Amino acid sequence: MTETGFNSNAKTCDEKYCMDCGSLIKLKAEICPKCGVRQMAAPVSSNIGAVAPNGKSKIAAALFAIFLGWMGAHKFYLGSVGWGVVYLLFFWTGIPAFVSFIEFILLLTMSDEAFNQKYGQL
């Protein structure tokens, strides 16, 4: 921690960690300036596996909703612990299973920008 109270080693959206030494480097860096190891090429731009800045994946959330939504797994994954507990308390009624199926569809049809805005805060 620094004097301002912020961690100076915190990763920002334009940075990544080196595959070999773990140093914080620029996102577009091809070679780590610390250890000299070439970084893997950036994946081809695709919306299928898009990940929010906080590491949450829209596809993972949708899969949690469809397979484990009856017990609120997608809510816990997305940081809504209170709603996850509600799903756990009422799973026996079948209502959370129905609602999670609707949320599965909503998550799949949601744009990446909307997902990041709603669930992607650090």
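Select K58 first: at 9% relative accessibility, this lysine counts as buried (buried means under 20% relative accessible area, exposed over 50%, and partly exposed in between, with a 1.4 Å probe and protein chains only). The model is predicted, so local features need pLDDT of at least 70 and side-chain atom pairs count only at pLDDT 80 or more, while totals for chains, interfaces and linings use all residues. Residues are numbered from 1 along each chain as its sequence is written, and side-chain values use heavy atoms, with hydrogens and water left out.

**From K58 to D112**

K58 and D112 form a salt bridge, with their closest N and O atoms 3.2 Å apart (a salt bridge is a side-chain nitrogen of Lys or Arg within 4 Å of a carboxyl oxygen of Asp or Glu). This pair links distant parts of the chain, as K58 is in helix 1 (residues 58-68) and D112 in helix 5 (residues 112-119), 54 residues apart. D112 is buried too, with a relative accessible area of 14%.

**The whole chain**

Now zoom out and colour by secondary structure. The protein has five helices and two strands (both are DSSP runs numbered from the N terminus: helices are H or I with at least four residues, strands are E with at least two). From the N terminus on, the order is β-β-α-α-α-α-α. Of the 122 residues, 27% count as buried. Switch to a surface view: the protein exposes about 8,600 Å², and carbon and sulfur atoms supply 66% of that area (areas come from the Shrake-Rupley method with a 1.4 Å probe; for residues, only the protein chains shown count as cover).

**Helices 2 and 4**

Which residue meets K75 in a salt bridge? Select E103: the two side chains are 3.0 Å apart, N to O. K75 lies in helix 2 (residues 73-77) and E103 in helix 4 (residues 95-109), so this pair also links distant parts of the chain, 28 residues apart. K75 counts as buried at 14% relative accessibility, and E103 counts as buried at 15%.

Next, select K56 and Y77. K56 lies over the face of Y77, at 4.7 Å from the ring centre (a charge sits over a ring if NZ of Lys or CZ of Arg is within 6 Å of the ring centre and within 35 degrees of the ring normal).

Move to K26 and D14, whose side chains meet in a salt bridge at 3.5 Å, N to O. K26 lies in strand 2 (residues 24-26) and D14 in the segment before strand 1, so the pair ties together parts that are twelve residues apart in sequence. D14 is partly exposed, with a relative accessible area of 35%. The structure holds four salt bridges.

Select Y17, which has its place in strand 1 (residues 15-17). Is Y17 buried or partly exposed? At 45% relative accessibility, Y17 counts as partly exposed.

**The cysteines**

How many disulfides does the structure hold? The count is zero (a disulfide is a pair of cysteine sulfur atoms within 2.5 Å). For C32, the closest cysteine sulfur is in C18, at 3.7 Å, too far for a bond. The sulfur of C35 also has C18 as its closest cysteine sulfur, and 3.6 Å is too far for a bond. C32 counts as buried at 2% relative accessibility, whereas C35 is partly exposed, with a relative accessible area of 32%.
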